[in-house]
Amino acid sequence: MTGFIIRRLIQSGGVILTMTVVVFLGVYAIGNPVDILIPDDATAAERDLAIQSLGLDKPLLTQYTTFLSNLLRGDLGTSFVYNIPSIDLILLRLPATLELAFCALFIAIVIGLPLGLLCGLRPGSRLDKTVMGASIIGFSIPNFWQGLMLIMLFSVMLGWLPSTGRGELGTVFGIETSLATWDGLRHLLLPAINLSLYKLSLMIRLTRSGVREVMYLDYVRFARAKGLSEVRIVMVHIMKVVLVPIITVVGMEFGSLIAFATVTETIFAWPGMGKLIIDSIMRLDRPVIAGYLVVIVLLFVLINLLVDIAYSLLDPRIRLGGEPNDR
Amino acid sequence: MRKLVLDIQNLTTRFESAEGIANALDSLSLEIYEGEVVGLVGESGSGKSMTGYSIMGLVEHPGSIVGGSIHYRGQDLRLLGPEQIRSLRGDRIAMIFQDPMMSLNPVLRVDTQLVETLKAHRSIQKKEALQRAIELLQAMGIPSPEIRLRQYPHELSGGMRQRIAIAIALLLEPDLIIADEPTTALDVTIQAQIIHEFQTLIEDRGTSVLWITHDLAVASTMADRLAIMYAGQIVEQGPAEDILARPMHPYTQGLLRSIPSRNIRGKPLQQIPGSAPSLTRLPSGCAFAPRCDQATPLCELTPPLKQITAIRSARCHHPREIDA
């Protein structure tokens, strides 16, 4: 187990290093921020001064090594626009995004798992057909359009929920969160639903197909032959097997929830990282873009590592590795 | 007078699919007495396993029992509710499956799978349940059972897993065990060991067994009585040694002729011509007639079950005793 974790950590290091090269080239080789940052009527001298102070006059390789060594010290550069360290700016916005992503994931799991289970146990039933049909819609509707429709229905036509912003924040265990206040919850609901619908559909389908696959296997029949209660058969013998692939997908999808929150945050003016990155791209605020990408990749790597560990805890066949000793 | 444990009368289990209706069991009648081992022998697809599932109430959609009765100690199992059936399963009637690689849950430890069985039927402390499990694993010839209990199925060999499955079936000292080809997937040496251990355990307890197999040789070492199945029906029934010595149904005769050890060296192995018919397209009359070398025009009519002696019966128009 320890060896496994160490191996994964080394691999993760490689992934991160590769990512810095890609991020640096992608971000620093495209566009010129000076054009945007200084007024059109600035003199050539003012222009050169700006380029110099931003370090844009140095060779690309020097810029990269500076970027990398700063990165190792936790310094992702100072935002051209806000003039504060970009990492601070990102970390300031991170909680709002995490909150949104966690809520979306929570909705997807709490509704998706039981629905998928019920559909899997009763294939072809009316519930199954309805839910399967609905999940195709959840899969196919573009995220942004679905968000606009939610706003139109619940904010504009029904007037039940606010359409933008994060609302009032409360403090729980020293963490500021919308979940602590009624106003915050009302603001959170629509964006969370918007972000979760795709994952919800995925979760339903994944659980359903897992249950369908496992429920006809011999060991489930054997569990029935042992006279176990239906609850134990479904919750232990079927679910524990079905959960193994689900955990993996949930982990991977959580990363993408954080990354895809961009669209939802833009539609609902949710003050998270996603909104920040869109604004920063518009203004070519390179340090923030680079910082955002670094943070996202780190989160992805961390989540995948946790998933691998959870996976091996759940499935003993992976934990021990090696071949089963037959006969 | 020995008591009946299981009394199946005219049991019909039907599968309905797009290809048509298939009677996996076609008015099957079979009695099992206390302490008796009945061998149910037939080719793949003859309905042997379905007989076991029907008794256990484990026939799955799109199949269902459409007729007949299954009496366990005078109680008709078909009239019981799901909860009553569940409490009988694993407790009074247990079942062992063919493939030991698939019958234990891969993500649950061996002890969990043993203890949960006891807990489903008795209010028992975990410690006591474990003690009981250890004793049985030992009796099934498993060395250092305490270590095995803490392992997962994939860490154990096929023979070990089948021993555990058998121990699970024996845990609650059932009256009847349905053993669905439990040794087919194992090496011959392991097979012999397991049969021996199993035999000792059921003899001590006076457990009745329905031993399902396609292997007449195995059936003959185990069974007191044999029932030969073909296309969902029992075509011949009687004491094991009588049937093996003097089979009456042409199908049984064919089966016996196709056992390699009974053939003469250097001569080609005799087989039954053709293959088992599809259950959705059974010939009218005797289902075996198209493959039978003794068929006559009379065989186009459904043969009745003929009681030939007090203890032997055959479903054939022309039953003949042939020294095998």
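Predicted model: local features only at pLDDT ≥ 70, side-chain atom pairs only at ≥ 80, totals over all residues.
Two strands count as paired if DSSP finds at least two bridges between them.

- Strand 1 (residues 4-17) and strand 2 of chain B are joined by ten bridges and run in the antiparallel sense.
- One bridge to look for links B:S17 with B:G20, the partner that lies in strand 2 of chain B.
- Four strands of chain B make up this open, antiparallel sheet, in the order 2-1-4-5.
- At the edges sit strand 2 (20-33) and strand 5 (75-76) of chain B, each of which pairs on one side only.
- Helix 1 (residues 48-56) of chain B packs on the sheet and touches strand 1, strand 2 and strand 4 (63-72) of chain B. The direction of helix 1 makes about 75° with that of strand 2 of chain B.

**A closer look at B:A231**
- You will find B:A231 in the loop between strand 9 (225-230) and strand 10 (233-239) of chain B.
- B:A231 counts as buried because it has 25 C-beta neighbours inside 10 Å, and the cut-off for buried is 20 or more.
- Leaving aside residues up to four places away in sequence, B:A231 touches B:S46, B:A276, B:P277, B:L279, B:L282 and B:A287.

**Where the chains meet**
- Chain B brings 29 residues to the contact and chain A brings 23 residues.
- Helix 4 of chain B gives the most to the side of chain B that touches chain A, with four residues.
- That side of chain B has 13 nonpolar, ten polar and six charged residues.

How values were computed: Residues numbered from 1 in each chain as written. Chains lettered and ligands numbered in written order. Contact = placed C-beta atoms within 7 Å. Helix = DSSP H or I, 4+ residues; strand = E, 2+ residues; numbered from the N terminus. Nonpolar A, V, L, I, M, F, W, Y, C, P; charged D, E, K, R; others polar. Axes fitted to C-alpha atoms, helices over the stretch in contact; angles between N-to-C directions. Buried ≥ 20, exposed ≤ 12 C-beta atoms within 10 Å, placed from the backbone.
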